[in-house]
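Work through the exercises below with the sequence and the model open. Try each task before reading its solution.

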Amino acid sequence: MATGSRTLDQMVERLAGASDPKRRYAYVLWLARKLPAAEPGLFCDDNRVRGCVSQVYVRGTLQEGKLHWQGDSDAQITKGLLALLIQGTEGLEPQVLVAMSPAFIKETGLQASLTLSRANGFLNIFKTMQAQARLLAAAP
């Protein structure tokens, strides 16, 4: 499945190819540790992802027509899922992210390892990032 992001496609392939759910989890936790520290200004209501049990914050900016992200979460697994989405969509044009289907989430195989609330949170993070990309694309 092609998402429109080579990086995201490679990450999804890597997760889908892991036969052991523990290896998928380990990869997500590794991504969480690699996520750069967020600026204090990120932690405001405007950047909060709704519909997550954990506290999740994400903010997109547009530089020379490309998306750049900052994010953080108080839960390591959620932070890893956020990191996957940030890394996978970094540098895309907003229209590419807006047009992206969330079907890749299922392709990762992570649903088998995530609680229902975490799986819904993953989708909510993705939808929040899409909504921000849509707003950034529409801004003059």
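**Exercise 1.** Is Arg 50 buried or exposed, or does it fall in between?

Solution. Arg 50 has 45% relative accessibility. Buried means under 20% relative accessible area, exposed over 50%, and partly exposed in between (1.4 Å probe, protein chains only). Arg 50 therefore counts as partly exposed. Asp 45, with a relative accessible area of 48%, is partly exposed as well.

The model is predicted: local features need pLDDT of at least 70, side-chain atom pairs count only at pLDDT 80 or more, and totals for chains, interfaces and linings use all residues. Residues are numbered from 1 along each chain as its sequence is written, and side-chain values use heavy atoms, with hydrogens and water left out.

**Exercise 2.** Which side chain meets that of Arg 50 in a salt bridge?

Solution. A salt bridge needs a side-chain nitrogen of Lys or Arg within 4 Å of a carboxyl oxygen of Asp or Glu. The side chain of Asp 45 meets that of Arg 50 with an N to O distance of 3.1 Å. A network of salt bridges links Asp 45, Arg 48 and Arg 50. In total, the structure holds five salt bridges.

**Exercise 3.** Where in the chain do Glu 93 and Lys 66 lie?

Solution. Begin with the contact: their side chains form a salt bridge at 3.6 Å, N to O. Glu 93 is in the loop between α3 and α4 (94-99), while Lys 66 is in strand β2, so the pair, 27 residues apart, links distant parts of the chain. Here helices (H or I, at least four residues) and strands (E, at least two) are DSSP runs, numbered from the N terminus. Now the accessibility: Glu 93 is partly exposed at 39%, and Lys 66 is partly exposed at 32%.

**Exercise 4.** Are Asp 72 and Lys 79 buried or exposed?

Solution. Asp 72 has a relative accessible area of 16% and is therefore buried. Lys 79 is buried, also with 16%. The two form a salt bridge, with the closest N and O atoms 3.3 Å apart.

**Exercise 5.** What does the side chain of Ser 73 reach?

Solution. Ser 73 belongs to strand β2 (residues 66-73) and is buried, at 9% relative accessibility. Its side chain reaches the backbone oxygen of Gln 55 at 3.1 Å. A polar atom of the Ser 73 side chain also lies 3.2 Å from the backbone nitrogen of Ala 75.

Technical notes: Polar contact = N/O pair within 3.5 Å; in protein donor to acceptor, adjacent residues only side chain to side chain.
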